[in-house]
Amino acid sequence: MSLVASLAAVLPGAELPAADDRWPWAAEPAMAVVHPSSTDEVAATVRWAAANGVGVAVVASGRRFRGTRPKGRPFLILATDRLVGTEIYEPADLTITAKVGSRVSAVSAELRAQRQWLPYDPPHLGDRTLGGLVATGESGPLWMGYGELRNHVLGATLVTGDGRVVRLGGRVVKNVAGFDMLKAVVGSRGTLGVLTSVCVRAFPIPLTDRLLVLRGESASVLLPIARAVGTAPLMPVSCVVMTPAPVFSAATALLVRLHGAEPTVEADQRTLEKHCGVSFERAEAGGPNASVPDHATDGAVVIEASVLPTRLPEALVAIRDTVGDTPLAIDTYRGALRASLGASAIGAVTRLTARIEALDGALSARSTVPGIDAEALGSRPSRAVTELTTRLESAFDPQGVLWPSRP
């Protein structure tokens with residue numbers, strides 16, 4: 001019996017196409033693409049894979065998935081697109097539990113009906129699934145005002161690499177005593193297990209959402225003002241420098257976002273302008289807010305560097321020395337820079353990594369081109385991170401079944 005026929009016997013009601021052209025593969029094609037519709041089907045698939053020496057690559061929307069390095073080992077694609085729908089929504093408790101294949105846009109629409117929202121704005125949020133968002137653990141610049149996504153994932157159902165179904169956390173904020181395993185799962189990118197449902201905390205929609213804009217000639221000119229924003233006696237919900245900034249008709253723009261009641265936001269803007277010694281313009285209501293997190297995400301390679309906020313000017317010099325002028329999005333409060341590089345700059349990633357690490361920072365790189373992965377780019381985690389993740393993976397996925405989904 002072939003492996004596909006054997007898998008079909010385990011999942012008699014599932015469709016098992018031998019190929020699927022929705023995602024680009026970096027090497028040989030997957031032996032099958034499965035679309036489980038329940039946690040039990042996910043667990044059965046993973047147990048079968050573990051028993052037959054088959055790898056499992058978990059794919060949500062596919063936007064962040066850039067193929068695998070199978071090295072001769074058969075693998076299948078486990079797509080979460082049929083794990084959709086809200087399981088429990090408690091508006092009064094500000095919590096919602098949904099299956100991982102649910103689009104963030106669909107969850108957000110349900111929350112908006114109760115004047116609630118998810119205050120996360122990583123790149124291309126509208127195209128993502130809830131499970132993909134949690135798996136990558138990306139909060140976006142709004143973390144400045146609302147905290148990291150990791151802190152607002154309250155519970156999850158997870159199928160580990162050996163087919164166990166584990167329920168982590170719950171539907172209340174205080175639901176863990178001791179080591180919180182859920183925190184390790186958020187941002188693990190599918191290396192510790194297959195998420196099938198998650199519970200996240202929602203927030204009331206702010207009465208006023210104001211985007212302040214300060215135009216400038218370059219990022220180096222605006223970074224000192226952005227640093228002053230970080231020392232002001234108030235807390236914006238995000239502070240970003242983007243260059244170039246054609247949507248604001250500027251070479252570079254500093255974008256500061258304020259939330260709250262109208263009188264409070266008015267007072268905060270006056271306080272901020274006095275503290276920084278500048279006057280901000282207001283972006284038009286319903287303007288380019290949504291485009292800000294997506295900036296610098298469309299190159300052949302996207303790099304993300306993090307340094308201490310005080311070392312951002314040095315990191316900016318390192319990027320320009322190594323790859324020249326390139327689109328940048330800088331979260332000035334976090335000390336994070338995202339740059340979009342052309343194909344000709346791929347060979348510079350290793351040199352740039354060394355420059356950023358010399359600033360006591362870290363850099364990761366991913367390609368938007370099929371066939372080029374983090375290993376080919378020379379992007380690597382630190383030794384300490386590698387040792388820690390290896391220990392976690394050995395506990396959650398002892399047979400390495402989920403290895404193809406690792407970046």
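Buried residues, those under 20% relative accessible area with a 1.4 Å probe and protein chains only, make up 53% of the 407 residues in the protein chain. The model is a predicted one, in which local features need pLDDT of at least 70 and side-chain atom pairs count only at pLDDT 80 or more, while totals for chains, interfaces and linings use all residues. Residues are numbered from 1 along each chain as its sequence is written, and side-chain values use heavy atoms, with hydrogens and water left out.

**Exercise 1. Describe the surroundings of Ser139.**

Solution. Begin with the secondary structure, in which helices (H or I, at least four residues) and strands (E, at least two) are DSSP runs numbered from the N terminus: Ser139 lies in the loop between helix H4 (130–136) and helix H5 (143–146). Next take the accessibility, which is 3% in relative terms, so that Ser139 counts as buried. Then list the contacts (heavy atoms within 4.5 Å): leaving aside residues up to four places away in sequence, Ser139 touches Tyr120, Asp121, Pro122, Gly147, Glu148 and Leu149. Finally, with regard to Leu149, its backbone nitrogen lies 2.7 Å from a polar atom of the Ser139 side chain.

**Exercise 2. Characterise the aromatic pairs that involve Trp117 and Trp143.**

Solution. A pair of aromatic rings is described by the distance of the centres and the angle of the planes. Rings of Phe, Tyr and Trp (its six-membered ring) pair if their centres lie within 6.5 Å, and planes under 30 degrees apart count as stacked, over 60 as edge-to-face and the rest as tilted. The structure holds 3 such pairs. In one of them, Trp117 and Tyr146 stand edge-to-face, at 5.7 Å centre to centre and with 90° between the planes. This pair links distant parts of the chain, since Trp117 belongs to strand E6 (residues 116–117) and Tyr146 to helix H5, 29 residues apart. Both Trp117 and Tyr146 are buried. The ring centres of Trp143 and Tyr333 are 5.9 Å apart and their planes are at 50°, so this pair is tilted. Because Trp143 lies in helix H5 and Tyr333 in the loop between strand E16 (328–331) and strand E17 (336–341), the pair ties together parts that are 190 residues apart in sequence. To complete the picture, Trp117, Tyr146 and Phe203 form one aromatic cluster.

**Exercise 3. Identify the residues that touch the most other members of the largest nonpolar core.**

Solution. A nonpolar core is a set of buried Ala, Val, Leu, Ile, Met, Phe, Trp, Tyr and Cys residues joined through side-chain atoms within 4.5 Å. The largest has 53 residues, of which Leu76, Leu78 and Leu195 touch the most other members. Helix H2 (residues 39–52) gives the most to this core, with 7 residues. Apart from it lies another core, of 46 residues, including Met144, Leu258, Ala318 and Leu328.

**Exercise 4. Place Gly187 in the chain and relate Gly187 to Leu149.**

Solution. Gly187 is found in the loop between helix H6 (181–185) and strand E9 (194–201). At 27% relative accessibility, Gly187 counts as partly exposed. The C-alpha atoms of Gly187 and Leu149 are separated by 9.3 Å, although the two residues are 38 residues apart along the chain. Not counting residues up to four places away in sequence, Gly187 touches Val134, Ala135, Thr136, Gly137 and Arg150.

Definitions and conventions
Buried < 20%, exposed > 50% of the residue type's maximum accessible area, 1.4 Å probe, protein only. Polar contact = N/O pair within 3.5 Å; in protein donor to acceptor, adjacent residues only side chain to side chain.
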